Amino acid sequence: MTEATPFTIHALELGPMENFVYLIEDRASGRAAVVDPAWDVPAVLALAAAHGVRVSDILLTHSHYDHINGIEEVLRGHDAQLHLLKDEARFWGSGLDLPTLHHGGDHIALGETDIEILHTPGHTPGSACYRLADQLITGDTLFVFGCGRCDLRGGDPEQMFHTLNDMRHKLPAETVILPGHNYAEKQRSTLAEQVEGNPFMHFDDVNRFTQYRMHYHDKHRHGPYGPVSKGQEMPD
Ligand SMILES: [Fe+2]
């Protein structure tokens, strides 16, 4: 992040599934947004307090339990507005109180900080990524040297293929990737590094991508995700 950005993004790794919870701080307004509040809400709120910011918003990348299990605890102490994509709300079917439902391409203003919400289906139908200047919070869509599973309810490897292709072609190479889990040998990366070393970004053929995502990747992986050379994803 450069001096020119009005925000700071803080990362906390929480819970048994190595989730990253992000706190976006808008320095001018003293507002903050929590992305995917889960597991240890007191730790998130202590971080906000340490920076002197007020949690005014909650942003969801998707509705899986490990990303949402702290929402109610945040809402008990803060009059925060909940944001998610309409497609995810429809998929989730939860009776949440008055969330703001977005379409892909919408922008959220957190004080002086502009947050663009991208619709990135594949892991779930309404999965979202949040873009702030050159930073991209990717949830379970794109991991460092990995991507989200597509075999759970609502998952779709064909959609994931198109989502990752769109990211590869439409976002600047220097975009910083902030994933939803700490599954890799490093905590963050750039899009350029992922295009080079993320096996899920190597496929031009949707059927081979699907084969790799659904039947190969996690069965042949040991230890944290690391770079894979193009052409070395799986045997022909
Ligand atoms: Fe998930």
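Tutor: The buried residues of α1 are covered by elements that include β1 (7-14), β2 (19-26), β3 (31-35), β4 (54-59) and α3 (71-77). Contact here means heavy atoms within 4.5 Å, and helices (H or I, at least four residues) and strands (E, at least two) are DSSP runs numbered from the N terminus. The model is a predicted one, in which local features need pLDDT of at least 70 and side-chain atom pairs count only at pLDDT 80 or more, while totals for chains, interfaces and linings use all residues. Residues are numbered from 1 along each chain as its sequence is written, and side-chain values use heavy atoms, with hydrogens and water left out.

Helix α1 spans residues 41-50, and its buried residues are Val41, Val44, Leu47 and Ala48. Buried means under 20% relative accessible area, exposed over 50%, and partly exposed in between (1.4 Å probe, protein chains only). These four residues lie on the same side of α1 because they cover an arc of only 125 degrees around the axis, the arc being that of the directions from the helix axis to the C-beta atoms. An α-helix has 3.6 residues a turn, so residues three or four places apart point the same way. Ala49 and Ala50, on the other side of α1, are exposed. Just after the helix, Gly52 has a positive phi of about 70 degrees.

Among the covering elements is α3, the helix in which Glu72 lies. Glu72 is exposed, with a relative accessible area of 58%. Its C-alpha atom is separated by 22 Å from that of Ile137, 65 residues apart along the chain.
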